[in-house]
Amino acid sequence: MELDPDDIFRDEDDDPENEFFQEREATKEMVVYLVDASPKMFSTTSLQENQEETHFHVAVSCIAQSLKTQIINRSYDEVAICFFNTREKKNLQDLNCVYVFNVAERDDLDRPTARLIKDFDCIEESFTKEIGSQCGILSGSRDNSLYNALWVAQALLRKGSAKTADKRILLFTNEDDPFGSVKGVVKIDMTRTTLQRAKDAQDLGISIELLPLSRPDEEFNVSLFYTDLLGLEGDDLSLFLPSAGQRLEDMKDQLRKRMFKKRKVRRITFSIANGISLELNTYALIRPTVPGTITWLDSVTNVPLQSERSFLCADTGALIQEPAKRFQSYKNEDIKFSVEELSEIKRVSTGHLRLLGFKPLSCLKDYHNLRPSTFLFPSDEEVVGSTCIFIALHRSMLRLKRYAVAFYGSSTHPQLVALVAQDEIVTASGQVEPPGLHMIYLPYSDDIRHIEEIHADENNEASRANGDQIKKATALMRRIDLKDFSVCQFSNPALQRHYAVLQALALDEDEMPEVKDETVPDEEGMARTGVVNALEEFKHSIYGENYDEEKEFETNGKVTEASKKRKAIAENAVQECANYDWADLADNGKLKDLTTVELKYYLTAHKLPVAGRKEALINRILVHLGK
């Protein structure tokens, strides 16, 4: 196989940039939804849109919404749904009062499927007939339904290792004292065995989370039993109910997006000097979201296809069994290379992080950060003492206001990086930012473009703004500045529509979920008097008082085609606008009967924005008319 000289040093698939965007099955999450099905869960808790709502409905709705988004959010994660305090029983241990809900062709703990979601959406209609509800732990009975439920959930989470999977039990209940009806020694014994069962599960790496469901006039009392089960104490106890309520709301209103949990991406060695090195874990704090990869399916069986590649001899057509060898022609001779030799040729870096020195923080500019940084945190798993060295280095960098310059990269993508120390930020509600180092990937000289070179004139001088123009531009930016801005506030509308279409197709839904585009301009905000005045002052400072936007000239002095077209549209809008009595239409509420094109006649004639939906256009006309 002949080598391509331009391709020999191409980046390989294991580039460190790509690994941040790949969800690996080795770091999946296993969740068991444990739902209390006692009669108390079916009592009415509130009215939503003139309909009675029960705690059981709240729990089922949260789980259904979570399942719908989980296929998109975390494709490798596995779930199981388990009811306890039920009339019927269905579990491998054959324990009373526990029913594991599942569908055909699926394991009890497995990835969510479209059929599971569709059947679970109808669970409330068939629950009483097929599963049934019964009172929880009763006096005189030795059945401990909560103990049995934890046992079944622990058994469901038996597969997989705690090192490669995050195992959780999510418990939905409105009963804060499950042993309230039991008295004496029996209660003490049941409480002890249940707490021991929960501790056994936690010792196996299974975390138990409680989502309490409270009545409006009756608060869930965690201290009666679940404080000991969850191990809550101090501030954690006081903050538990507010945080649990927030988690419940988050489950109801989940956004369709890929969720990348803050799992460590890789472990690297940080070499300092004189043989001193420490071990660091790297974390990707932010990453772009893209649609899922395409999976080719068999047209008959709908089973995923597995692609295979084979090499055939060009002369004989025979299948080549031996691995292909690469060669490069040099002076009429073919120089052969093995795969190992090519890898060694490409090897520039060992993949370790090596310290080069320190510089003042003032030397690091904003434009040096070309792509999302990586967060570094110490680990003592393999190199004991890494945390102590890291803390000493971290504190010194903060105190001296220095950042470290280091060499890092894979064999195909070596580069210099800046290590910037971040101090811990703690508020009354807990930790906001953890202490650690941000690894910022520094650009090469070719990556920095000087704007003066692009806008220079014949004398190699770039035009610069004067003091008044800078002042007006600053005032405009302050007017339109978004307070407490975060990129997480806005979702990608194209991706949201993509996921909505997939959900509608998979679940055979008649209507596609509505997608709200949060990236469209805030027309009402931009139309505020302060913003409009600041914008006009900025335009006047740049173009002057007598600037006519319609008079656009090319370098040869001719009017552009775009200017002619806009002028023709404006003249036509003025003529059409005169055919309507806009004040009468506004007073009688008949603007909604006009088409969008007709409404834009008025807006264009009065030089108002024409973007937005029909309701926005009508509101803009009413505001202009003073109605």
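This note walks through a predicted model, point by point.

1. **Ground rules.** Residues are numbered from 1 along each chain as its sequence is written. Because the model is predicted, local features need pLDDT of at least 70 and side-chain atom pairs count only at pLDDT 80 or more, while totals for chains, interfaces and linings use all residues; side-chain values use heavy atoms, with hydrogens and water left out.

2. **The whole chain.** You will find 19 helices and 18 strands here. Both are DSSP runs numbered from the N terminus: helices (H or I) have at least four residues and strands (E) at least two. Of the 627 residues, 33% count as buried, meaning under 20% relative accessible area with a 1.4 Å probe, protein chains only. Among contacts between residues at least 6 apart in sequence, 68% join residues at least 24 apart; a contact means heavy atoms within 4.5 Å.

3. **A five-stranded sheet.** Follow the order E5-E4-E1-E6-E7 and you have an open sheet with mixed pairing. Two strands pair if DSSP finds at least two bridges between them. At the edges sit E5 (98–101) and E7 (206–212), each of which pairs on one side only. On average, neighbouring strands of this sheet are turned by 20° against each other, direction ignored.

4. **Two helices side by side.** The axes of H12 (residues 467–479) and H15 (residues 529–543) come within 9 Å and cross at roughly 155°. Therefore H12 is roughly antiparallel to H15, a label for angles over 145 degrees. The axes are lines fitted to C-alpha atoms over the stretch in contact, with angles running from 0 to 180 degrees between N-to-C directions.

5. **What meets at that contact.** On the H12 side, the residues include Lys472, Ala473 and Leu476, and on the H15 side they include Val531, Leu535 and Phe538. The residues of this contact divide into seven nonpolar, three polar and four charged.

6. **A serine in a loop.** Is Ser379 buried or exposed? Ser379 counts as buried because its relative accessibility is 5%. This serine is found in the loop between strand E13 (374–378) and helix H10 (386–400). Not counting residues up to four places away in sequence, Ser379 touches Arg267, Glu279, Asn281 and Ser386.

Technical notes. Angles under 35 degrees count as roughly parallel, over 145 as roughly antiparallel, 65 to 115 as roughly perpendicular and the rest as oblique. Ala, Val, Leu, Ile, Met, Phe, Trp, Tyr, Cys and Pro count as nonpolar, Asp, Glu, Lys and Arg as charged, and the others, Gly among them, as polar. Buried means under 20% relative accessible area, exposed over 50%, partly exposed in between (1.4 Å probe, protein chains only).
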